[in-house]
Each structure stands twice: as C-alpha cells, then as structure tokens.
Amino acid sequence: MTFLGMPLLRSKHAHSDLPGGQGNIVEAEAFPEASQQHLSNQQLRNNIGHATSTIRSKRAEVVSELDDWERLRDAGEATKNEVMENLPEYLAQFEAAFTAAGGIIHWARDADEANAIVTELVEDNAPVLESGRREVIKVKSMATQEIGLNEHLEAEGIDAFETDLAELIVQLGDDKPSHILVPAIHRNRDEIREIFMDKMPDAGQLTNEPAVLAEAARKHLRHKFLTTKVAISGANFGIAETGTLGVVESEGNGRMCLTLPETLITVMGIEKLLPRFADLEVFLQLLPRSSTGERMNPYTSFWTGKFEGDGPQNVHLVLLDNGRTRALADEHGRTALNCIRCSACMNVCPVYERTGGHAYGSTYPGPIGAILSPLLTGVEDEANGSLPYASSLCGACYDVCPVKINIPEILVHLRGEDVKANHSPVSSQLDAALTGASWMMSDGKRMTAAEKGLPLAHKVTGGEQINDLPGIAGAWTSSRDIPALPEKSFRQLWAEEEADGSDEKGQR
Amino acid sequence: MTDTAREEILARINEALGRRGGGEYVSSTVRTTSASAAPANADDVDTTDGPAATEATAADSGYHHEGAHTGEDLVDLLIDRLVDYKANVHRASGDPGETIAELIGDHSSVVVPRGLDETWLAGFSGDVRVDSPGEELSVDELDAQGAVVTASAVAIAQTGTIVLDGSSTSGRRAITLVPDHHVCIVRTGDIVDIVPEGIARLDAHAPLTFISGPSATSDIELSRVEGVHGPRTLDVIILEA
Ligand code: SF4
C-alpha cells in the first residue's frame, strides 16, 4: 500500500518509442474522479440526457431512409483503411496537389510545433489593433482544441474568436466543450440566455427562445466576420487526389471564415485524408446522417488551394501528427484513426449520457475518446490509462459508427495494454481499493463488471446490489448501484484469458 | 524546421506501418486496387495518378450509385426535401423573371453574378449590381444588398441539396453568403437523385458550396433553428427549361 497511485512497473511495448501527442488529450484526473464530479450535477445530466435522446432518434430516422446504409458503412470503413495503409503516399499526393493549387503546407510533429507555426502565420498576416493585440476568427476544429491553440495564441497577444454558436457559448461561459458536435450540449436555453445577457453588452433584453439567442449570436459576430483578416479552421476531409479540403457545418460561420478573410490557416490531422474526390459520395452520406441526424447539413464548403478572385489568397495548411503515428503503430488500435468525428458513438453511450463529456478530460470524449486519447498519448500515461475502462462494453457505439470502428474490441485491447503497462504486478490506488473491496464482491452472479469500469455498468435490477465501496471506487458507487459481482475479478479472468489465448494469438 | 518535420512524420508513419527502411518509403500493398502499386518514394508521387486514381471509389461495396426517381417524381422529391429544410420553393418555366421580380420586389438593390441571364432581372425596378472579375463588390457593398440572385450547378433531390460551383452563373462565394436573402434558380436538367450522382457532376478544383436549406443551428438543445450567419431566407425557383 506504500505505492498508492503509482504503478510499480512500467513495461516497454513495441512501437512505444514513437512519441505520444501533447495538449488537451490527457486527463487531468483519472476518469473515476472526474466522472464523480460530473455525475453529481443533475442539471448537466438532464441536459445531456435530453440532447442525446433527441439526436439518437433523429439519426435513427434518417439512417432508416437509406436501404444501402450498411453498404455505405462498409465502403467508409474500407476507404479509411486504405488511407491508413498508404498514408505516406496519400500525404505526398495531397501535398503536391494542394501546393500546385497555390496552397502552402506546413508539417507539425506535435502540438507545440503546430502552435508555433500558426502563431507565426498570424503575426505575419493579422494587423495589430488599437488594443495592441491581434485578432483571428475560428470555425470549430477539434484539432486546434486538441493542441490548445486558443490558449497559446492568447499568451502570444492574439485573440481567437470562436464563431460556432456552441463554441461561442462555451467561450463566453468560460467553459469547456463537452461534446464534439454540440460542444455546449450541457447547457440549456436558460443558461445560454444568462451567459449571453452577461457577456454580450449590446444584446439587450433576450428571451430564452432559441431563435432569439441565435439572432443575438449573429449580431455579435457579424462585424468580426466582415472585417477580420485571418481565419483558422479545421477540416473534415482532405482529398489526396485533388488537394481539396472540406468543412461540413450548419450556421454559415464556416463559410464566413473560409471565404471573407485574406488569410486562411487550416489545421488538420494527417489521418483526415480520403483518396479520391469521388469518395465524398460515401462520406457526405455517412457524416451528416450520423452526426446531426440530417439528410445533409446546411452548408458544406470545399476549396483547393486558392482561387483567383474568390476567397482567401493566402492559404495555409498545417498537417498535424501529435501522436497519430503512435496510434497508427498499434495495429489493434489503429482503426481509431478512421474516426470522422460524427459523435454518434457518444450519443448512444450509456456512460457518456450519465457523466457528460468533461469527465473524459480530453478534447475527444465518449467512446471514441476512451480509445483515441490513450492511443495518442500511450496508455502509459496513467490518467489516460483509466479511459479504456469508461465503458460497459455494451457495443452500441460499434453499431452506429459510420466507419465501423470496433470500439469495444479496442477498449478491451487497451485495457490489456494498461494492465501490462501500469498494473504489473500490483499497482494503483484503484487496484488497491478494489482488492480491499473484493470481499464484498464474493457473492457474484452477473458478469457485467470489469474492474474499474464496473460501477458504470448498467443498473441491474434484482439480485444483490452493492451500494457502497471504499476509497475511489466508493465515489463511483455513490452515483450508481453496482450489480452483484462474479467470484473472479476481471484481473483474474483476464490473466486466464491471456494464458488460454496465447496459442491462438501466436498463430495470427 | 518544417522540412525536417515532414521527413520525420513520414518516417514515423513508415515505422508505424511496419515498413522497413526508416525514412525510405517502402511501398505496401495497396489493399483495394490492383491497377497500380503505390509509388516507391513519396516524393515520386504523380499528382494526377495517385495510388488508386484509376478506381472510382475505394470500395465498391454495392451501395447505390444512381437513384430510381425520374421526371416529375424527381422534382417532387427535391421540393419535398427543400421544404422540409425550410427553403421556399417556386416553379417557373421558360422565363423565371416574373417569379424573381415578385421575390425581390421589396429590396432596393440586389447583386447577381456576371453570367446570370440579364433578362431574368428585367422585371425588377431596383438596382442590379453585377459582380464580375475586376469589379467585385466589396464586403460592405455586399452587406448593403437586399438579396442575391444566382443559378446553380447541381441539385441533389434526396437530400435537398443545391451546389454552387463558383462559375459565372453561381457566382463568387462571398456574394451568396453576405446578403441575407438568396434567390437560387435550379434548372430541372441539373437535378439528380442521390449524392453519388451529384458528386460525379462536380469539378473538385472549383470552389464548391453545398447548401441544404437556409443557415441553421442545432446548438441550443439540438432543435434546428433557421437563421444564423448565412442567408436567412432561401428561395429556390425550379426552372423548367
Ligand atoms: S468513432 Fe465512429 S461513431 Fe464515434 S465519432 Fe468517430 S466515426 Fe463517429
């Protein structure tokens, strides 16, 4: 017990010499602690529950309209696998095409390098205003959130204005995004009204009508759109064949950022490529239906370098690694890079619905975050090592994923990696707590539990429930009732599984 | 600095993929194509003929490439989907001038791209500003226009999507963005049924804007609210021609 919270042994893995990513992809606290804080917030749980159930039914409806949905998913999966297997070639092809069209490419190994590149570009192209600071407008981008770009720019004297309504709500509320598609999903209309009234001096009296709130955002940002010289965006797709970039959005703030400024800086992960322009025929069906539950989102823009007389004439792209190559090196986990960030998996996840996105401590919440964050950083990062347990392995995420990422399988794989890396032979506080609690778990009948993840398993009716556990695990049980547990711990079962499976694995 | 980063990232990818040779780009088997092997060196990649440029799409898993709607059914489907996403739909045949005049009658000034048939605006008594190369309207001028009237490249019925391609009739991207009212003409011959048919008609090297209904957001409790930063009114005229 002397080594509470510390792994006794760190094992070295194949490929782990590739550097992990940095930035907002590491949990500050392990998932159990973080989730406890959020589980106690009833308003947050109500807001998220309402939003996810709405979007689940919208998605189900538009997906059922397509009788070839499963074939589209197959095509999406195969296309992304093809990209990963030929990534150097597709990147080089993309680079050549984008450059030929007048765009300028920068490569960034990690968050620091990407932030430095963007800062320099902004300093070269955005004027210093009367305030002594520079300004840029931004359209929602996971990649820039991942690298902590806004915070970095702020320290360098550059104010970055988020222009998505949800991002604006988050930014004005001094808050963090909790969902990749609807970052303010944890805020209801009354809270949004309050934030706006408080932070938009010119807004006047507002009601909590969504239309009124949207109008306030329009007025608030209009002048910025029409006058700001530099915009920063992410990209949903990069087309290797043609050097084309695409942004899928709703409000028109994306179009504003991509069209009106003189300089456009896009930050995109190296995994976002598609081989051919024609592949969009699959992805423009998969993405909108999976994400917002629409047949098509209101606006999608594609640009290839610069166009004479139309849009920004100074067009840059930062290609970002930041741990992606490390994730790629894990052959059992690499399909996590196929993710097109639709957010369908979090909308169906029973764990996400109860804890909200903040508990995952990363830019990438929900089931995809539970695998992607540790893959980007490496599970040796012990806080992220707890993420693969943030699941009940119910499989709903896999069923909805438009590119068929087998999230449950990768979760189990990463749990194995975590056990090897962080818990050999005995280790963290959580393990100790569970070991201490194991006497309570001796009367088990149901096998829904998996070590750290067990208290988040679905509520089981009937049978004996455990209502209290000591230590960290206790924090979990105050919000969930745990089903009675089986005689063997997950650890024991896993060890047996490993021993049994070793022959089989050797044959692969 | 960035050159080194490029080499290093490419080398990392090769290592991650288990290719031998460190910074050299040893080609792997291209999984879904047999037509061409991946280039041996990333620097040798031919931009016009990449690893699989000869294939239409990666994996033809048997999804639909064409829809079943034709003729009036196709037009009806498009109208249904446009209306569902809160666009106003009108029909005209031959000359849409009268419909256009009705729709923009309240504005004192509108902008059009240089290639738009000028007779279409004949019934409008206000100012018509023509945006053309060398004579582009400034952002502030665009902001002062009551509406923009354009044609379009393709319309996809199944999703209610209209595509603008930056041509002389679709216009520069800014002109369909800044004014608050967009009147868009869709010729019946430009309507396709499903997304793959639409993509097949487009040129990737053009600035493309896909529009499905007016600007909207679902960011407040996930209810779709029309009207944020893009044009808040979208009038579509389906033109039999
Ligand atoms: S993992 Fe799949 S379902 Fe989840 S966000 Fe990514 S693409 Fe969507």
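Visitor: What should I know before I start reading?
Guide: Residues are numbered from 1 along each chain as its sequence is written, while chains are lettered from A and ligands numbered from 1 in the order in which they are written. Because this is a predicted model, local features need pLDDT of at least 70 and side-chain atom pairs count only at pLDDT 80 or more, whereas totals for chains, interfaces and linings use all residues; side-chain values use heavy atoms, with hydrogens and water left out.

Visitor: How many helices and strands does chain A have?
Guide: Chain A has 22 helices and 12 strands, where helices (H or I, at least four residues) and strands (E, at least two) are DSSP runs numbered from the N terminus. Of its 508 residues, 64% count as buried, and buried means under 20% relative accessible area, with exposed over 50% and partly exposed in between (1.4 Å probe, protein chains only).

Visitor: And what about chain B?
Guide: Chain B comes to 5 helices and 12 strands, and buried residues make up 54% of its 241 residues.

Visitor: Switching to rings, how many aromatic pairs are there over all chains?
Guide: There are 4 aromatic pairs over all chains, counting rings of Phe, Tyr and Trp (its six-membered ring) whose centres lie within 6.5 Å, with planes under 30 degrees apart called stacked, over 60 edge-to-face and the rest tilted. One of them joins A:F94 and A:F98, which are stacked at 5.6 Å centre to centre with 20 degrees between the planes.

Visitor: Where do A:F94 and A:F98 lie?
Guide: Both lie in helix α4 (residues 87-100) of chain A, 4 residues apart, about one turn of the helix. A:F94 is buried, with a relative accessible area of 0%, and A:F98 is buried with a relative accessible area of 0% as well.

Visitor: Why is the pair of A:F237 and A:F283 edge-to-face?
Guide: The ring centres of A:F237 and A:F283 are 5.9 Å apart and their planes stand at 65 degrees, so the pair is edge-to-face. A:F237 lies in strand β5 (residues 237-239) of chain A and A:F283 in helix α12 (residues 280-291) of chain A, so the pair ties together parts that are 46 residues apart in sequence. A:F237 is buried at a relative accessible area of 1%, and A:F283 counts as buried at 0%.

Visitor: Which residues form one aromatic cluster?
Guide: A:F277, A:F302 and B:F210 form one aromatic cluster.

Visitor: Now helices: how do α16 and α19 of chain A cross?
Guide: The axes of helix α16 (residues 366-377) and helix α19 (residues 407-422) of chain A come within 10 Å and cross at roughly 40 degrees, the axes being lines fitted to C-alpha atoms, for helices over the stretch in contact, with angles from 0 to 180 degrees between N-to-C directions. That makes α16(A) oblique to α19(A), since angles under 35 degrees count as roughly parallel, over 145 as roughly antiparallel, 65 to 115 as roughly perpendicular and the rest as oblique.

Visitor: Which residues of α16(A) and α19(A) meet?
Guide: Those in α16(A) include A:P367, A:I368 and A:I371, and those in α19(A) include A:I407 and A:L411, where contact means heavy atoms within 4.5 Å.

Visitor: Last topic: is A:D174 buried or exposed?
Guide: A:D174 counts as exposed at 70% relative accessibility, and its phi is near 50 degrees, a positive value in a residue other than glycine.
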